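Me: I have a model open and want to learn how to read it. Can you take me through it feature by feature?

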Amino acid sequence: MALSPGHGCDPAAPSLAVIGAGVAGCALAARMRRLGWQGPISLWESGRGPGGRASTRRSRHDDLVRLDHGAPLLSISGSPQPTLLAPLLDGGWVEPWSGALAQLDGEGRLIAGGTDPLTQGDLYRGRGGMDQLCRGLLELGGTGLELHSQCLVCDLAPTAHGGWELLDQQQQRLDVADWLVLSGTLLVHPRCQTLLGWPEPPLQPLARTLRDPQLERAAAAIAAIDSSPRCALLVLIQASAAEAWRRLPFRLLSFEAAAERRWGLSRLSIQPLEDGRCAVVAHSSAAVARLHADVIGSRSSVAQLPGVSPSPQREQTLIDTLASALSAVMEPWIAPLVLEGADPQLMRWGAAFPEGFGLASELMLCPQSRIGFCGDFISGPGFGRIEGALRSGEELAEQLLAAMGPASVPAQGQPA
Ligand SMILES: Cc1cc2nc3c(=O)[nH]c(=O)nc-3n(C[C@H](O)[C@H](O)[C@H](O)COP(=O)(O)OP(=O)(O)OC[C@H]3O[C@@H](n4cnc5c(N)ncnc54)[C@H](O)[C@@H]3O)c2cc1C
């Protein structure tokens, strides 16, 4: 999928390639434009469309089906608010969320509200699906943004003029740009070795040979970031059975640590659809996801990547395990739980949440090598959440423009 080919921008301005069209990559592009940057921006995304971990699974055959299988919500707890939030709300891309929140303890008791760190602060969701957040950001980016979906960037090479080449699996050039931003960690982190069988994260040898101390420190720090995985069971409850789900005293149920251990689930998100059906997404605990580390949902976009081979049998076993956990949890409200016709599917998030401290914001930009990093793995307010991804994209845009120099933005640059 290519979005808005790069006309309407200033071909004389330096070009920027962004790897990843999740919240951070899209926020970076939007903020650059709103600060007046007119150079060409290309975004390279391995998934089917923008969104990353804040995306929505849709059906080619049924327009009304949508399941937010990663983040179901966006919470803003820091102040001031991210700059892009107001235009996203004004444009109708996101909306405030006030559904019922609850937490489940290890005895099966329901506590209204709760202390889930993912639901503290002001809550919002994408209007019509979480992927609308990234679509809105791309829209705010205006003309001259090129989005290339279903394109995995497998390698990088510095150019003779100090820029970057992006390469595919066959080492064919996908793009060449003056500046490069990585909004995901795949090309820097050793998990690409286990996930894709690559011999080494491609940026690591380059960081050693480019003799840029800032880049060496950033690459080492990113490689050391641990992350915790999740699996998600996705079910679509038909309208005839959905009323019971709509009547539940919660729309989002978080599991306390003891409840996670007991049921192997961490969250349950109830997502009523417009036509009476109801999407239900059950996220596993990190422990269950680790136990099934090599099981990948065959309908997820990661399963299409070269080097990844899903096992339908193991996938079915994990679907059955998560479905029985869901059935046990729902017993007080819906029993027996019948998932016939609910088309259970599996999604694996190998790196759902970064852990520890993340990448220090002083290391986000390496001006000597013309490379920058943004994403929820940058330390600071909102770390590990959409808020952090948004803020990091905004922050990097400002740092990049300062590094590119005043010539990169005309005097009448559009305000944020
Ligand atoms: C199950 C789950 C529940 C969550 N719940 C919440 C919540 O309630 N609230 C909240 O605020 N946050 C939540 N989060 C976290 C939130 O989703 C993330 O913090 C946020 O979406 C991260 O955005 P990002 O842009 O930093 O990274 P990503 O969304 O990971 O975006 C990076 C993108 O880069 C692409 N990419 C990477 N490498 C390459 C490459 N080499 N070539 C091409 N493309 C590449 C990836 O495909 C991806 O789309 C949840 C996450 C998960 C998984």
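Predicted model: local features only at pLDDT ≥ 70, side-chain atom pairs only at ≥ 80, totals over all residues.

Me: Which residues come nearest to the ligand?

Reply: Of the 34 residues around the ligand, Ala24, Glu45, Arg53, Val153 and Asp376 come nearest.

Me: How far is an oxygen atom of the ligand from an N or O atom in the side chain of Glu45?

Reply: The distance is 2.7 Å. A ligand oxygen is also 2.7 Å from a side-chain N or O atom of Asp376. For the backbone, look at Arg385: one of its polar backbone atoms is 3.4 Å from an oxygen atom of the ligand. As for cover, the ligand has 1000 Å² of accessible area on its own, and the protein covers 94% of that.

Me: Which elements give two or more residues to the shell around the ligand?

Reply: They are helix H1 (23–34), strand E20 (345–354) and helix H11 (386–404). E20 gives the most, with three residues. By type, the shell has 19 nonpolar, ten polar and five charged residues. Domain 1 and domain 2 each supply at least three residues to the shell.

Me: How do I read a helix such as H11?

Reply: The general idea comes from the helical turn. An α-helix has 3.6 residues a turn, so residues three or four places apart point the same way. Now the case here. At 1.5 Å a residue, the 19 residues of H11 should span 27 Å, and the end C-alpha atoms are 27 Å apart, so the two agree. H11 is mostly covered, with 14 of its 19 residues buried. Gly405 follows H11 and has a positive phi, near 95 degrees.

Me: Is Gly356 buried or exposed?

Reply: Gly356 counts as exposed because its relative accessibility is 56%, and the cut-off for exposed is over 50%. Gly356 sits in the loop between E20 and strand E21 (365–366). Gly356 and Phe377 are 21 residues apart in sequence, and their C-alpha atoms are 9.3 Å apart in space.

Me: What should I look for in the backbone?

Reply: Most residues other than glycine have a negative phi, and most peptide bonds are trans. Look for the exceptions. The bond joining Ser79 and Pro80 is cis, with omega about 0 degrees. The bond from Ala335 to Pro336 is cis too, with omega near -5 degrees. Gln150 is not a glycine, yet has a positive phi of about 55 degrees. Gln150 counts as exposed, at 55% relative accessibility. Arg370 also has a positive phi of about 55 degrees without being a glycine. Arg370 is partly exposed, with a relative accessible area of 24%.

Notes:
Residues numbered from 1 in each chain as written. Heavy atoms only, no water. Near = heavy atom within 4 Å. Polar contact = N/O pair within 3.5 Å; in protein donor to acceptor, adjacent residues only side chain to side chain. Areas by Shrake-Rupley, 256 points an atom, 1.4 Å probe, with all protein chains shown as cover. Helix = DSSP H or I, 4+ residues; strand = E, 2+ residues; numbered from the N terminus. Nonpolar A, V, L, I, M, F, W, Y, C, P; charged D, E, K, R; others polar. Domains from an automatic or database assignment. Expected span 1.5 Å × (residues − 1). Buried < 20%, exposed > 50% of the residue type's maximum accessible area, 1.4 Å probe, protein only.
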